[in-house]
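Here is a short briefing on one protein chain. Look over the sequence and the model first, then read the notes by topic.

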Amino acid sequence: PTSSSARRRFAIRRHLRIVTQRVPLAATPLELYDGADCERVVYLLAHKIMNAALDDDVNEARVLLQDWLAMLLSLYNEARTRTSNDDAALDVTFQQCAHLRNLP
């Protein structure tokens, strides 16, 4: 080895890049539902269900999934009827909310 190559030293550095972004807040519950990302909601729900299946059993995970979807649907329809003055029919398929329309 030459003297110049023997003197070279390499160091590995890791850098953490932080990005700060301002996101507008929802003023009403319906704005929150309208801004929901369906893929992320399904991902979080699947993660929760899998943990329940591993920790307890599949039946407990099934009940948790049914309860979670029933609560989401119930709270969504409650927010819808609170903001609108008419007695609209229940929206059980999220037809009024395009972002959650693809939920099972």
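In which helix do Arg82 and Glu78 both lie, and how many residues apart are they? Both lie in helix α4, four residues apart, about one turn of the helix. The model is predicted: local features need pLDDT of at least 70, side-chain atom pairs count only at pLDDT 80 or more, and totals for chains, interfaces and linings use all residues. Residues are numbered from 1 along each chain as its sequence is written, and side-chain values use heavy atoms, with hydrogens and water left out.

**Overall build**

- The protein chain has four helices and zero strands. Helices (H or I, at least four residues) and strands (E, at least two) are DSSP runs, numbered from the N terminus.
- From the N terminus on, the order of elements is α-α-α-α.
- Of the 104 residues in the protein chain, 18% are buried. Buried means under 20% relative accessible area, exposed means over 50%, and partly exposed lies in between (1.4 Å probe, protein chains only).
- The protein chain has an accessible surface of about 9300 Å², and carbon and sulfur atoms hold 55% of that. Accessible areas come from the Shrake-Rupley method with a 1.4 Å probe; for residues, only the protein chains shown count as cover.
- Take the contacts in the protein chain with a separation of 6 or more: 47% of them join residues 24 or more positions apart. A contact means heavy atoms within 4.5 Å.

**Salt bridges**

- The whole structure holds two salt bridges. The criterion is a side-chain nitrogen of Lys or Arg within 4 Å of a carboxyl oxygen of Asp or Glu.
- One pairs Arg82 with Glu78, at 2.9 Å from N to O. Arg82 is exposed because its relative accessible area is 58%. Glu78 has 39%, so it counts as partly exposed.
- Asp37 and Arg40 also form a salt bridge, with their closest N and O atoms 2.8 Å apart. Asp37 is partly exposed, because its relative accessibility is 32%. Arg40 reaches 58% and therefore counts as exposed.

**Negative patch**

- Asp55, Asp56, Asp57, Glu60 and Asp67 form a negative surface patch. Patches are made of residues with over 30% relative accessible area and no salt bridge; like charges are joined within 9 Å, and nonpolar side chains (Val, Leu, Ile, Met, Phe, Trp, Tyr) within 5 Å.
- Lys and Arg count as positive, Asp and Glu as negative; His and the chain ends are not counted. A charge is placed at NZ of Lys, CZ of Arg, CG of Asp or CD of Glu.
- Asp57 sits in the loop between α3 (38-55) and α4. Its relative accessibility is 37%, so Asp57 is partly exposed.

**Buried positions**

- Asn77 belongs to helix α4 (residues 58-83). Its relative accessibility is 6%, so Asn77 is buried.
- Asn77 touches Leu90 and Asp91, leaving aside residues up to four places away in sequence.
- Phe94 lies in the segment after α4. It is not a glycine, yet Phe94 has a positive phi of about 55 degrees.
- Phe94 is buried, because its relative accessibility is 6%.

**A pair across the sequence**

- Lys48 is part of helix α3. It counts as partly exposed because its relative accessibility is 43%.
- Lys48 and Leu64 are 16 residues apart in sequence, and their C-alpha atoms are 8.7 Å apart in space.
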